[in-house]
Amino acid sequence: MPLTPADVHNVVFKKPPIGKRGYDEDEVDAFLDVVEAELARLIEENNDLRGSGAGGSGAREERPEPAPMTVAAPPPPPTQTPAAQVREDDAIRASRMLALATETAERHVNEAKAQADQMVGTAKSSSDRMMSEARAKSEQMVGEAKSRADAMLGDARTRADTMEREARAKATALAQDAERKHVEAMGSLEEKRASLERKVDELRTFEREYRTRLRSYLESHLRDLDSRGSAEPASNSRQTQHVSA
C-alpha cells in the first residue's frame, strides 16, 4: 500500500504508559510535518516529470519519419543536463525520505504495538493478581466469618447449657424448699390436730364426769326431798291427834 502525505498527516501514535520511555511528541510531529511536505513536493515533482515525459513522447510521434540513412556506429551517450541531474538527485532523496518515513512509521507502529501488548500483558497480570488477591481475601473473610459464627454458636450453646443447669438447680431447690415447708406445715397441723383431739377428749371426759356428778347431786336432792315429804305428813297427823285430845 503506497504511503501518501495524508497518511503521514493523519498518523496517530499512542502515548507511552506512565513510567515507560517514549519519543518526544513535539519532535515527532515536527518530523512528520517535514516528511509530509517533502513527500508532497516529491509527488508533485514526479507528476510534473511524468507529464513532461508524456508530452515529449507525443511530440516525437507527430514528427515525420526521416529518410532511411546508412547505419553507422552509435555515438557515445550524451551527458545529462544539470536539470536532469537535479531531478534525479531529488528523486533519490525523495525515495530515501519516503523509505525513512515508512521505516519510522513502521517502527512507531511496532513500538506502539509492543507497548500495547505490554500494557495488555501488564493489565492482564494485574487483573489476574487482583482477582487472586480478591479471591484469597474473600475466602479469608468467609473463613473468619465462619470461625466467628462457630465461636458465637459455641458460646451461645455454653450459655444455654449453663442457664439450663442453673434453672434446673433453682427448680430443684424450690421444689425441695416447698416440700420441706409442706412437711413442716403438715407436721405443725398434725401437732395441732393431736392437741385439739386431746382437748376434745378432755372436754368429753369432763362432760361425762360433770354429768355424772350432776346426776348424783340431783338424785341425792330428790331423795332428800322425797324423805322430807314423807316425814311432814306424819308430824301433821300427830299434831292433829294432840289437838283433838
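1. Surface. The chain exposes about 21,200 Å², and carbon and sulfur atoms supply 58% of that area. Accessible areas come from the Shrake-Rupley method with a 1.4 Å probe; for residues, only the protein chains shown count as cover.

2. Basis. This is a predicted model: local features need pLDDT of at least 70, side-chain atom pairs count only at pLDDT 80 or more, and totals for chains, interfaces and linings use all residues. Residues are numbered from 1 along each chain as its sequence is written, and side-chain values use heavy atoms, with hydrogens and water left out.

3. Burial. Of the 245 residues of the chain, 6% count as buried. Buried means under 20% relative accessible area, exposed means over 50%, and partly exposed lies in between (1.4 Å probe, protein chains only).

4. Fold. The chain has three helices and zero strands. Its pattern along the sequence is α-α-α. Helices (H or I, at least four residues) and strands (E, at least two) are DSSP runs, numbered from the N terminus. Helix α3 covers residues 82-244.

5. Contacts. Take contacts between residues at least 6 apart in sequence: 88% of them join residues at least 24 apart. A contact means heavy atoms within 4.5 Å.

6. Salt bridges. The count comes to ten. The rule asks for a side-chain nitrogen of Lys or Arg within 4 Å of a carboxyl oxygen of Asp or Glu. Side chains of opposite charge can pair when their charged atoms come close.

7. R168 and E164. Their side chains form a salt bridge at 2.6 Å, N to O. Both residues lie in helix α3, four residues apart, about one turn of the helix. R168 counts as exposed, at 55% relative accessibility. E164 is partly exposed, at 38%.

8. R180 and D177. This salt bridge has an N to O distance of 2.3 Å. About one helical turn separates the two residues, because they sit three residues apart in helix α3. R180 is partly exposed, with a relative accessible area of 43%. D177 is also partly exposed, at 26%.

9. K181 and D177. D177 meets K181 in a salt bridge too, at 3.7 Å, N to O. Here the spacing in helix α3 is four residues, about one turn. K181 has a relative accessible area of 49% and so counts as partly exposed.

10. Network. Which residues does the salt-bridge network link? The members are D177, R180, K181 and E184. Within it, D177 pairs with R180 and with K181.
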